[in-house]
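These are my notes on a structure I had not opened before. I wanted to look up its ring pairs and its nonpolar cores.

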Amino acid sequence: MKLGRIRSKIISLIMILLFLGACLAGARKIKTEESKADASFFAMSTYVSLTAYGKTGDQAVLGAQEKVEELEKLWSTTDKESEIFALNHSNGEPVDVSSETGDLLRFALKMAQETEGALEPTIYPVLLSWGFTTGENRVPQEEELKLLLQNVGYDRVFMEGNRVTLPDGMQLDFGAVGKGYTGDVLVELFKEKGVKSAVLDLGGNIQVIGTKPDGQNWRVGLRNPYGEGYLGVLEVCDLAIVTSGNYERYFVGEDGKTYGHIIDPADGYPAESGLASVTVLAKEGKLCDALSTALFVMGPDGAVSYWRQHRDFDMILITGEGEICMTEGIRDHFSLNNGYDDWEVSFIE
Ligand code: AMP
Ligand code: MG
C-alpha cells in the first residue's frame, strides 16, 4: 500500500518533469524562431540574403540592408551619382572620395600589387568592351583590346589620403572586391548590435558569424561549377567563404565559344587558366573576394605557389578536369555530397 503510494508519487513527479521539460523545450524552440530575422533583396547586381538570430537581429538586418544600399550608391559604375562614376569621368582631375571608397581602393591597389596585377581594379574599359556591364556582349578585336589595355594599370592610380587621381581614360571597377568588403562592414555592424549568430549571403559570397543558434557549425554548400547543385559541404564558424568562377557570368559568342566575366589583365581576354572555380576561406571577406578573383586568373600552379608564400587563407580549386584540390587546413571541414563520391580530392601542403 505504502509502496504503491510512493510509486504513484514517483510516476506523477516524472510526468510533471516530462511536462515541464516539454514546455521548456517548446519555449526555447519558439524563442529561437521568434528571434530569427531575415531579409532578401537585390543589390550590387546580385541577390543578397541576410539572416540574424537573437533579440537584436531585426535591427541589425534592417541596418545592414540600408548599409548595402548606401555602399552600392558609392560604387555603382552606372549610377551617375556614384563616387566611382565621378572618378571614371574625372578626366585626370583629382576627386575627393568617402573614407569607405578610399579604404576599399587602397585595399584593392595593395592586392593588385601582391597578386602582380592578376587583380586589376582598373580593368573596367576592357569589361565594357566585352559588354559584361550592359549584357550586350560581343567579342572585341585583339587590336581593340590592346588599345584599351593602355588605359589599364593599377600602379598609375594616385592617392593622397582620400583624394584620388586617375590618369585620363582610366576607369575603376570594384566588381571583384566590393561584395567582400561590404560583407566585412556588415559583420562589424551585426557584432556592434550584439548579434552572435548570423549568415550573410551576398550573391554567393558567404560570411558567417559565430555558430548556428544551437551551437553547431554552419553548413555551407560548395557549388558545382559544371552544373546545378552542390558538390560538397563545408562546416565552419566565424568565416568568410567566397567563390569565383566563369560559370557565374558568361556568354556564348557567335563562334560558339564561352566567354567568362573574369578577365586576364595580361591580354584582356576572359581568363582560361585551367580552373573552373576558386573558393577562398578566411576571416575577412575582402581578402577572400580579392583572392578568389586573382587566383582564378593565376590558374592552379600560380594559385598553389601564391598560397605557399602566404598561408593566411585556405582555398579549394576545382580544375578544368574536375579535380578538387584543397589546402590541408580544411580537410576535416569538408565532405563530398552523395552522388559526387567519385570526384577526386587532393590536398595542398
Ligand atoms: P568575382 O566575382 O569576385 O570574381 O569578380 C568578378 C568581377 O570583377 C567581374 O564581373 C568584373 O566586374 C571584375 N573583374 C573581372 N576581371 C577582373 C580582374 N582581373 N581584376 C579585377 N576585377 C575583375
Ligand atoms: Mg572576387
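I looked up the aromatic pairs and found 13 in the structure, which is a predicted model.

I took the pair of tyrosine 53 and tryptophan 218 to begin with. Their ring centres are 6.3 Å apart and the planes stand at 35 degrees, so I noted the pair as tilted. Tyrosine 53 belongs to strand S2 (residues 46-53) and tryptophan 218 to strand S8 (residues 218-223), so the pair ties together parts 165 residues apart in sequence. I found both tyrosine 53 and tryptophan 218 buried.

Next I looked at tryptophan 130 and tyrosine 269, an edge-to-face pair with 5.7 Å between centres and 75 degrees between planes. Tryptophan 130 is in helix H5 (residues 124-130) and tyrosine 269 in strand S14 (residues 269-270), so this pair joins parts 139 residues apart in sequence. Are the two buried or exposed? Tryptophan 130 is buried, at 0% relative accessible area.

I then checked charges over rings. The charged end of lysine 286 sits over the ring of phenylalanine 107, 4.9 Å from its centre. Arginine 331 lies over the face of phenylalanine 347, 3.8 Å from the ring centre.

Last, I looked up the cores. The largest nonpolar core has 73 residues, and Leu50 and Trp75 are among those with the most contacts inside it. Helix H8 (residues 285-310) gives the most to this core, 12 residues. A second, separate core has 21 residues, including Ile206 and Tyr340.

Definitions and conventions. Residues numbered from 1 in each chain as written. Chains lettered and ligands numbered in written order. Predicted model: local features only at pLDDT ≥ 70, side-chain atom pairs only at ≥ 80, totals over all residues. Heavy atoms only, no water. Core = buried A, V, L, I, M, F, W, Y, C linked by side-chain atoms within 4.5 Å. Buried < 20%, exposed > 50% of the residue type's maximum accessible area, 1.4 Å probe, protein only. Helix = DSSP H or I, 4+ residues; strand = E, 2+ residues; numbered from the N terminus. Phe/Tyr/Trp six-rings, centres within 6.5 Å; stacked < 30°, edge-to-face > 60°. Lys NZ or Arg CZ within 6 Å of the ring centre and 35° of its normal.
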